[in-house]
Amino acid sequence: MTALDDTPAGPAEAGQVAAPDEAVGARGLLRALLRNRLAAAALVVLATFVVVAVLGERLAPYGRNEVSSADKLRGPSLDHLFGTDQLGRDVFSRVLIGAESSLRVGLVAVGIALAAGVVLGLVAGYYRGLVDDVVMRCMDVLFAFPAILLAIAIMAIRGRGATNAMIAIGIVYTPIFARVTRASVLSVREQVFVRAARSIGAGDLRIMTRHVLPNVAAPIIVQTSISLAFAILAEAALSFIGLGTQPPEPSWGRMLADGRGFIQDAWWMAVFPGLAIFAVVLSFNVTGDALRDALDPRQRSAIESATGGG
């Protein structure tokens, strides 16, 4: 977590948030990420993933459900880079178009978890006492269930579909953000700049939003990156068992499910969607680790010493 300056604010700055270490600004963070070759490669993969998700329909050489009975189960070739499936649909085109579903579900699900978890963790960590006990015990109840089983249970109540998958995954990952936020708030709420704001009459809402929240952002950012990876993986798992994105819409998880019955005769049907999931999830995890190192002053100093950076 980012180290904070404990020097009391001057008269002109008494009501302002203490500025974090400038080296953790946007430019410093980007430089730290780019120094890490593995993280730089992961960012390239993620940038490609976003572009493909946004422009997949335009980039795809064939339609998402364009069927050709004469081309069923054709292997990879110049005409069909990733081969075709049992209906003659182009696997490459469906992998490109399926990226949009994975990105949409991942972003919305993590957005739900981020909003709910940060609010709950912020309130619990700031007020402590009974509020903290009630909120965190509720989070512990959700934590008691395996994530994928809880998501399946929620979808069994709400029904199938990508929208319900977003809601289910968002609920499942809310306790993680609540715990991360609460732990950070507990250490920040007693800092000098928070006590100074309280002493000049700042209200709880102002203190939480203007003083505490900006100074606990680092671990939340890291958790967001990691959670995006698991949200995409969870969406693929739900689609694989038929609860997520529904046919005929392309989804990497659903394509894996369709390809498992042809794994011996048409391996490409499952391998290429699986590789897409692997590459994106690994890239999010690598980026999350790199963000943690870049936002941690001790790790950042060690990295700069090792690379000779200033």
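This is a predicted model: local features need pLDDT of at least 70, side-chain atom pairs count only at pLDDT 80 or more; totals for chains, interfaces and linings use all residues.
Reader: Okay, but handedness can't be the whole story. What else describes two packed helices?

Author: The general idea is simple: two packed helices are described by the angle between their axes and the distance between the axes. Now the case here. The axes of α3 and α8, the helix of residues 204-212, cross at roughly 115 degrees and come within 11 Å. That makes α3 roughly perpendicular to α8, since the range of 65 to 115 degrees counts as such.

Reader: Which residues of α3 and α8 actually meet?

Author: On the α3 side, look for Leu122, Tyr126 and Tyr127. Their partners in α8 are Asp204, Ile207, Met208 and Val212. Sort the residues of this contact by class and you get six nonpolar, no polar and one charged.

Reader: Let me try the next pair myself. At what angle do α3 and α9 cross, and how far apart are their axes?

Author: Helix α3 covers residues 91-127 and helix α9 covers residues 217-240; their axes cross at roughly 135 degrees and come within 8 Å. α3 and α9 are therefore oblique to each other. For the label roughly antiparallel, the angle would have to be over 145 degrees.

Reader: And the hand of the crossing of α3 with α9, left or right?

Author: Right-handed here, too: α3 passes α9 that way, and α3 also passes α8 in a right-handed crossing.

Reader: Who meets whom between α3 and α9?

Author: From α3 come Ser101, Ser102, Val105, Gly106, Leu107, Val110, Leu114 and Val118. From α9 come Ile220, Thr224, Ser227, Leu228, Ala231, Ile232 and Glu235. By class, that contact has nine nonpolar, five polar and one charged residues.

Reader: While I'm in α9, I clicked on Ala218. Is Ala218 buried or exposed?

Author: Read the relative accessibility and compare it with the cut-off. Ala218, found in helix α9, has 10% relative accessibility, so it counts as buried, because buried means under 20%. Here's another way to look at that residue: Ala218 and Thr181 sit 37 residues apart in sequence, and their C-alpha atoms are 9.9 Å apart in space.

Reader: Last topic: rings. How many aromatic pairs are there in the whole structure?

Author: Six aromatic pairs turn up. To read one, take the distance between the ring centres and the angle between the planes. Phe82 and Phe92 are edge-to-face, at 5.0 Å centre to centre and 90 degrees between the planes. Phe82 lies in the loop between α2 and α3 while Phe92 is in helix α3, so this pair ties together parts 10 residues apart in sequence. Phe92 is buried, with a relative accessible area of 19%.

Reader: What about the pair of Phe82 and Phe272, stacked or edge-to-face?

Author: Stacked: Phe82 and Phe272 are 4.1 Å centre to centre, with 5 degrees between the planes. The pair links distant parts of the chain, since Phe272 belongs to helix α11 (residues 268-295), 190 residues from Phe82. Phe272 counts as buried at 16% relative accessibility. Ring pairs link Phe82, Phe92, Trp267, Trp268 and Phe272 into a cluster.

Reader: And if I zoom out, how many helices and strands does the protein have?

Author: 12 helices and zero strands. Of its 310 residues, 45% count as buried. Among contacts between residues at least 6 apart in sequence, 72% join residues at least 24 apart.

Key
Residues are numbered from 1 along each chain as its sequence is written. Side-chain values use heavy atoms; hydrogens and water are left out. Axes are lines fitted to C-alpha atoms, for helices over the stretch in contact, and angles run from 0 to 180 degrees between N-to-C directions. Helices (H or I, at least four residues) and strands (E, at least two) are DSSP runs, numbered from the N terminus. Angles under 35 degrees count as roughly parallel, over 145 as roughly antiparallel, 65 to 115 as roughly perpendicular and the rest as oblique. A crossing is left-handed if the near helix is turned anticlockwise from the far one by less than a right angle, and right-handed if clockwise. Contact means heavy atoms within 4.5 Å. Ala, Val, Leu, Ile, Met, Phe, Trp, Tyr, Cys and Pro count as nonpolar, Asp, Glu, Lys and Arg as charged, and the others, Gly among them, as polar. Buried means under 20% relative accessible area, exposed over 50%, partly exposed in between (1.4 Å probe, protein chains only). Rings of Phe, Tyr and Trp (its six-membered ring) pair if their centres lie within 6.5 Å; planes under 30 degrees apart count as stacked, over 60 as edge-to-face and the rest as tilted.
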